[in-house]
Amino acid sequence: MLQNEDVRFTSSAIKLPLFSPPPLHHHTPNPFFTNLHLILQNFPKFPHPFRQNLNPKDSFLQTLSKFQHPFHHKFNPQNAILQFLRKPINPFSWNLSNTPPLLCCASIALSQSNFDDSSSLSPKTGSGNEERVLISEVLVRSKDGEELERKDLESEVLNALKACRPNSALTVQEVQEDVHRIIASGYFCSCMPIAVDTRDGIRLVFQVEPNQEFHGLVCEGANVLPARFIEDSFRDGYGKIVNIKWIDEIISSINGWYMERGLFGAVSGVEILSGGMIRLEVSEAEVNNIAIRFLDKTGEPTVGKTRPETILRQLTTKKGQVYSMLQGKRDVDTVLAMGIMEDVSIIPQPAGGHCKEEKVKDTRENPLLDTGKVDLVMNIVERKIGGGISAGGGISSGITSGPLAGLIGSCAIYHKNLFGRNQKLNLSLERGQVDSVFRINYTDPWIEGDDKRTSRSIMIQNSRTPGTLVHSQPDGSLTIGRVTAGIEYSRPFRPKWNGTAGIIFQRAGARDDKGSPIIRDYYSSPLTASGNTHDDMLLAKLETVYTGSSGPGSSVFVFNMDQGLPVWSDWLVFNRVNARARKGLVLGPMHLLLSFSGGHMVGNFPPHEAFAIGGTNSVRGYEEGAVGSSRSYVVGCGEISFPLMGPVEGAVFADYGSDLGSGRSVPGDPAGPRRKPGSGYGCGVGICVDSPLGPLRLEYAFNDQRTGRFHFGVGLRN
């Protein structure tokens, strides 16, 4: 075929006028080639994702609002771009009036003056009604028509082509799809396919414009996202051609960082600036306001009894913070733990929005508007009664004469929300055949004006408890009467750590079964340290508690110390330290529980304050206090539990306890006349049932003296 000197091909980033056939010369144009020109001239223009100035808030809203939950979606601009590029387009019905701004385009323009009647460009029919044209050569050029300086980019274009191969018959649709693939490779911001009629046939040239090389980063709006995280994400791309897929991976990584922490934040805009600078815009939803709304059980607004400031100070979420759903969940749990709420929920709403006077449903829509901030509405359903009367019962672990003798009945008058400040007042009475406790207790869970969450508790108590733990009497019962009054302050000082300090006054003495005071037991051992009918002491208390996460693998550690203060000459002065630790381990379907306790006392203390070893919470297989009464002690336990059926678990255990040879150093040596061995072990089996009251334990154990005993307990071992 003779080369047509008058045929000229041009490419442009503006819409060209429709082709007008020129006068025919010695060469008659192929009618399909004319159609190809008309069709590809109106090829759709594909906007480049990084050249549009995105509104961070609008983009963030439009993306997140399409999903049920804002953190179930990864903002992925590349996916949206690729979906647009891959969308089937009918070139005959493309509406140019709706064409997006021309930033990245694919078009073919043809001007012709002469065609040869003997052209070999005979169209071939495809599988459908779309005609095909034979392409003899496929080339890759820059937007200026020159060869690409970087051969690796040329390879990227050629590797992206699927249909456009030399000596292949193509349809317009197939050319269009290959243009999509070139753009989707991520290295190029524009691609123009140009058809050139040559002597050897039609040459298809893809004129591409590579993205810029990455030379710098500007990040805006990332207040909580660590700068080191951003730097590390972009570090490998410095000096390289920007790839859309690489940017998308970074965006997914940044959005994943926010999702892992439950934060309302995501990448909202990316733009390539001149000089290879990338501008990354991040939208983070700050808390604008927190409001409390009281609802009744039907969801209608009502008047609350609790002061809003009492609830608000429980929240760790504060104004100006980026809203975290995980932090919000912890705040809900904290408010529920106050014990005066029946239901609590947090609803994010657009900043400046108004709460509708109707039951709020959790739409889980993104709450951001143009302000980029959220208002949090905490819906609260209070319990009906803040105070009331309760009754119950229990079993005393100090009773050894029989199970029924240890039964205790109780009743209480209480109020859980005094003055709307969550302060609690409790008057209780417990009464059994031997035990009796009357207690008045006032608790302020959070002292007003304190920013350390300090609580205060004031207690007055009059009690009678069995003295048989240390002074078992063969000729009758013996009780220890105590009148106690004190004040304690408690405060969390580290995560999972809590400290308590207080002052407690106590007057204690022993009484016989008729209620008369006595100073010696059946074996003539003294029952008081002062020699009087009662001992007075003022104790400074210090306690530290560590509580790990709940579950079979939890850990607990408790350390407490009591120090007698010599305010008056006849007041007792002694020091007592005690420590307890428990650790759980998961062994497949089984759970291993290890526990340890130990203590020591120095100074002048009453014998009934000695450590009692043996019993349900000590060495099982022995009666309460039957192993020893001592100044010092250690007790260790190992237990393996395994599921049986439903809420029932089986257990195998072994306990050991010792007084470390300190039994004789207790005033009056109450353990010697009672022939307590001072050390012993027990092992056995048991079952545990999970109940609303806590774990109910029924166990049977043999001790080293080959005697067995049943034990019943509520809750985990102390």
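Residue numbers count from 1 along each chain as its sequence is written. Because the model is predicted, local features need pLDDT of at least 70 and side-chain atom pairs count only at pLDDT 80 or more, while totals for chains, interfaces and linings use all residues; side-chain values use heavy atoms, with hydrogens and water left out.

**Stop 1**

Select residues 216-220 and 265-273, which are strand 8 and strand 9. Strands here are DSSP runs of E with at least two residues, helices are runs of H or I with at least four, and both are numbered from the N terminus. The three strands make an open sheet with mixed pairing, in the order 8-10-9. Strands 8 and 9 are the edge strands, each pairing on one side only. Two strands count as paired if DSSP finds at least two bridges between them. On average, neighbouring strands of the sheet are turned by 20° against each other, direction ignored.

**Stop 2**

Select residues 244-260. This is helix 7, which lies across strands 9 and 10 and runs at about 155° to strand 9. Such angles run from 0 to 180 degrees between N-to-C directions, with axes fitted to C-alpha atoms and, for helices, over the stretch in contact. Contact means heavy atoms within 4.5 Å.

**Stop 3: helix 5**

Select residues 172-184, helix 5. Its end C-alpha atoms are 18 Å apart, which agrees with the 18 Å that its 13 residues should span at 1.5 Å a residue. The expected span is 1.5 Å times one less than the number of residues.

Show the side chains next. Of the 13 residues, 10 are buried, and the helix is mostly covered. Buried means under 20% relative accessible area, exposed means over 50%, and partly exposed lies in between (1.4 Å probe, protein chains only). The buried residues include Glu174, Gln176, Asp178 and His180, as well as Val172 and Ile183. After the helix comes Gly186, whose phi is positive, near 95°.

**Stop 4: salt bridges**

The whole structure has 30 salt bridges. Each is a side-chain nitrogen of Lys or Arg within 4 Å of a carboxyl oxygen of Asp or Glu.

Start with Arg456 and Asp444, whose side chains meet at 3.8 Å, N to O. They are 12 residues apart, with Arg456 in strand 18 (residues 455-466) and Asp444 in strand 17 (residues 436-444). Arg456 is partly exposed at 23% relative accessibility, whereas Asp444 is buried at 3%.

Go on to Arg482 and Glu609, a salt bridge of 3.7 Å, N to O. Here 127 residues separate the partners: Arg482 is in strand 19 (residues 479-494), and Glu609 is in the loop between strand 25 (590-603) and strand 26 (611-613). Arg482 is buried at 16%, and Glu609 is buried at 12%.

Then select Arg576 and Asp562, which meet at 3.0 Å, N to O. Arg576 belongs to strand 24 (residues 574-587) and Asp562 to strand 23 (residues 555-564), 14 residues apart. Arg576 counts as buried at 14%, and Asp562 is buried with a relative accessible area of 14%.

Finish with Arg620, Glu639, Asp655, Arg697 and Glu699, which are linked in a network of salt bridges.
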